[in-house]
Amino acid sequence: MALVPMPDLVPADIPVPDTASDDPRLGHWLARHRNAKGARVVLVGFPSDEGVRRNGGRPGAAAGPAAIRRALYAMTPDATNYEAFVALLDRTVDLGDVHVTGDVEADQQRLGNVLAPFIAKGVVPIVLGGGHETTYGHVLGYVGAGLAPEILNWDAHADVRPYPQGSHSGSPFRQAIEAVHCTRYRVAGLQPHRTAHAHATFVRTHGDLVWQHDLDAPRVTELVADCGHPTLATFDLDAVNAAHAPGVSAPNAAGLSAALWLKAAYETARSLRFTSFDLVELNPTYDVDHRTARFAALTVWTLLKGLTERDSLVRVG
């Protein structure tokens, strides 16, 4: 598979850490792989936060993809499963960032156009946001591939607000539902004090929700097992406790633990039901000691770790 037309993409310009030959970092693979032929996984950045501004949030998430990459490129392959992890890195390509103009709807369609051929071929995209408007563009990739996925959203907010003035970071799932672009929508990690009753009712009408106080490790496993194929998983960093993720568009004083969040990433990635992922709402402007960027990168690393186990699952099955 060749790269999509370059006008839609801007190459990532992230320096590779200078390390010893016996201490390779992910950047040694991701920075050199530019041809998507034979890829199993593609990374795509969507540096947009105009949707956050439209939603009344604090801008800054446009710098998220670069911050995630800087932290991700410095990480090592999984030392507990090195050969399998490196084999996946050998077929993982960082395509760079979608060219974003500030026209949210046009930018979302551009993201969808980039993702569609990969989704159609069974290549797994990991999209680095950007505000949560990222996910509607992600969904449009399925539309372009002729598919309608289920959606599992790990989030403190339902993000099913109306959108009379256009697409924004609080509307992607209402848009996907009303356009019949998804077959079921579920959100896990919702907080009762941050969820309008009307929005909770809307979600229940079209899928299901799990409140944060009901979400534990067994429930994460149940949610993943109950998904169909294909399912899109989206991870909004503002679901995580601000101690781990202070640099987000809407910080969470009492969010999910790091361990539970990473379990959700791992379980979704190792499940063959999940065909793509996105990670959104990192806002480096408000980060502390790059804490959130490192945690976001660890989330992507955990997704890759889960993906390395799919071959063994197929062999067992």
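Analyst: What follows is a set of questions and answers about a predicted model, with each term set against its cut-off.

User: Why are α4 and α11 called roughly perpendicular to each other?

Analyst: The axes of helix α4 (residues 82-89) and helix α11 (residues 291-308) cross at roughly 105° and come within 9 Å. Angles of 65 to 115 degrees count as roughly perpendicular, and α4 and α11 are therefore described in that way. The contact is made by Ala 84, Phe 85, Leu 88 and Leu 89 on the α4 side, and by Trp 301, Leu 304, Lys 305, Leu 307 and Thr 308 on the α11 side. Sorted by class, the contact of α4 with α11 has 7 nonpolar, 1 polar and 1 charged residues.

User: How do you know that the length of α11 agrees with what its 18 residues should span?

Analyst: At 1.5 Å a residue, the 18 residues of α11 should span 26 Å, and because its end C-alpha atoms are 26 Å apart, the two values agree. The 13 residues of helix α10 (residues 258-270) pass the test as well, since they should span 18 Å and the end C-alpha atoms of α10 are 18 Å apart.

User: What makes α11 largely enclosed by the rest of the structure?

Analyst: A residue is buried when its relative accessible area is under 20%; 14 of the 18 residues of α11 are buried, so α11 is largely enclosed by the rest of the structure. α11 also packs on the sheet, where it touches β2, β3 (92-98), β4, β8 (231-236) and β9, and its direction makes about 175° with that of β4.

User: What makes strand β4 mostly covered?

Analyst: In strand β4 (residues 124-129), 6 of its 6 residues are buried. Val 124, Ile 126 and Leu 128 point one way from β4, while Pro 125, Val 127 and Gly 129 point the other way, and all are buried.

User: Why are β1 and β7 said to stand at the edges?

Analyst: The 9 strands form an open sheet of mixed pairing, in the order β1-β3-β2-β4-β9-β8-β5-β6-β7. β1 (9-10) and β7 (207-211) each have a single partner strand, so one side of each is left without a neighbour in the sheet.

Technical notes. Residues numbered from 1 in each chain as written. Predicted model: local features only at pLDDT ≥ 70, side-chain atom pairs only at ≥ 80, totals over all residues. Heavy atoms only, no water. Axes fitted to C-alpha atoms, helices over the stretch in contact; angles between N-to-C directions. Helix = DSSP H or I, 4+ residues; strand = E, 2+ residues; numbered from the N terminus. Parallel < 35°, antiparallel > 145°, perpendicular 65-115°, else oblique. Contact = heavy atoms within 4.5 Å. Nonpolar A, V, L, I, M, F, W, Y, C, P; charged D, E, K, R; others polar. Expected span 1.5 Å × (residues − 1). Buried < 20%, exposed > 50% of the residue type's maximum accessible area, 1.4 Å probe, protein only. Pairing = 2+ DSSP bridges.
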